[in-house]
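These are my notebook entries on one chain. I record what I looked up and what I found.

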Amino acid sequence: MVICNADFMASSKQSGGGMKAWIVHGLLLGAAAVTGACAAFYRRRHCGFRTRVVGIIPARYASTRFEGKPLVHILGKPMIQRTWERAKLASTLDHIVVATDDQRIAECCRGFGADVIMTSESCLNGTERCNEALQKLGKNYDIVVNIQGDEPLIEPEIIDGVVQALQTSKDAVFSTAVTSLKPEDGADTNRVKCVVDNRGYAIYFSRGLIPFNKSGKPNPKFPYFLHLGIQSYDSKFLKIYPNLPPTPLQLEEDLEQLKVLENGYKMKVIKVDHDAHGVDSPEDVKKIEALMRERNLS
């Protein structure tokens with residue numbers, strides 16, 4: 001069941017063990033909002049506005065923090081397989097591929113039925129790997145979704161949400177998602193924070209806590225946002241992105257989203273109710289497995 005409004009569409013379907021209510025600019029949307037809500041979206045679909053969508057899962061073996069991470073087993077399955085299985089549940093994707101530069105990952109993915117595109121080792125980030133995979137696919141797609149392989153519990157509704165946000169925002173070339181930041185993650189530089197304007201567009205991303213205040217301490221009453229790794233791009237912009245020179249803020253924070261903003265492009269942000277469970281280190285695997293057992297997820 002899809003819930004739509006002028007700025008954002010999301011779902012309240014059962015997923016991952018609980019009924020989700022979705023947040024749009026601070027408004028909690030429930031199932032009652034569904035009446036006649038999707039008409040504008042479907043008009044755009046039929047008019048051919050960014051209708052063809054491919055999901056790409058970039059995966060590399062040589063991670064400095066966790067080598068071989070895509071192949072680590074989580075309750076008996078490689079993490080990349082669990083991510084692929086979750087992505088397959090999204091309703092907006094016409095096709096899904098894994099983009100990798102490693103034959104071990106490629107063989108594993110083909111073994112569980114995924115399509116694989118081999119990409120070069122020179123890709124600097126997931127966005128560049130997605131661009132290379134798109135060119136090698138040889139098919140025309142309007143939107144490319146970069147699905148991070150290190151969040152094996154990603155909800156398919158969030159994938160659909162970032163796609164639909166881009167389909168309804170003609171002035172944006174990029175869309176992504178944020179959720180509430182847990183207070184204990186404020187100082188964690190692996191947890192990227194985001195600030196958003198009142199129209200749902202990204203202002204800034206940082207590894208530090210933003211916004212910051214004069215007291216020098218987190219404000220327990222302020223709604224800080226955690227950036228979720230999933231993002232979608234207009235395919236025409238994706239071809240431009242690798243040719244844009246690195247920007248000062250991008251290099252300082254080591255965040256590819258900042259190169260988009262520093263070059264003046266608009267990025268739509270959806271706010272969702274989601275417990276982020278990324279795998280950044282080997283210790284995170286046990287946490288994911290414990291959570292899956294708790295939720296009876298196989």
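**Entry 1: elements.** I took helices (H or I, at least four residues) and strands (E, at least two) as DSSP runs, numbered from the N terminus. On that basis I counted nine helices and 17 strands in the chain. I note that this is a predicted model, in which local features need pLDDT of at least 70 and side-chain atom pairs count only at pLDDT 80 or more, while totals for chains, interfaces and linings use all residues. Residues are numbered from 1 along each chain as its sequence is written, and side-chain values use heavy atoms, with hydrogens and water left out.

**Entry 2: confidence.** I looked up pLDDT, the predictor's confidence in each residue, from 0 to 100. The chain averages 83, and 83% of the residues score at least 70. Over residues 1-47 the pLDDT is below 50, yet this stretch has 92 contacts in the model beyond near neighbours in sequence. A contact means heavy atoms within 4.5 Å.

**Entry 3: the whole chain.** Of the 298 residues, 55% are buried. I then looked up the accessible surface, computed by the Shrake-Rupley method with a 1.4 Å probe, where for residues only the protein chains shown count as cover. The surface comes to about 13,800 Å², and carbon and sulfur atoms account for 52% of it. Among contacts between residues at least 6 apart in sequence, 67% join residues at least 24 apart.

**Entry 4: helix 9.** Which residues of helix 9 are buried? In this helix, residues 282-294, I listed Asp284, Val285, Ile288, Glu289, Leu291 and Met292. Seen down the helix axis, these buried residues fall within an arc of 160°, so they line one face of helix 9. The arc is that of the directions from the helix axis to the C-beta atoms. An α-helix has 3.6 residues a turn, so residues three or four places apart point the same way. The buried residues of helix 9 pack against strand 8 and helix 2 (79-87). On the face turned away from the buried side I found the exposed residues Glu283, Lys286, Lys287, Arg293 and Glu294. Just after helix 9, asparagine 296 takes a positive phi of about 60°.

**Entry 5: backbone angles in loops.** I looked up leucine 75, which has a positive phi of about 50° although it is not a glycine. Leucine 75 sits in the loop between strand 8 (73-74) and strand 9 (77-78), and is partly exposed at 26% relative accessible area. Aspartate 254 also has a positive phi, near 55°. Aspartate 254 lies in the loop between helix 7 (248-253) and helix 8 (257-262), and counts as exposed at 56%. I also noted a cis peptide bond between isoleucine 210 and proline 211, with omega about -10°. Proline 211 is in the loop between strand 15 (202-206) and strand 16 (225-234).

**Entry 6: cysteines.** How many disulfides are there? I applied the rule of a pair of cysteine sulfur atoms within 2.5 Å, and the count is zero. Cysteine 123 is in no disulfide, its nearest cysteine sulfur being that of cysteine 130, 9.2 Å away. From cysteine 130, the closest cysteine sulfur is that of cysteine 123, which is too far for a bond. Cysteine 123 is buried at 12% relative accessible area, and cysteine 130 is buried at 0%.

How values were computed:
Buried < 20%, exposed > 50% of the residue type's maximum accessible area, 1.4 Å probe, protein only.
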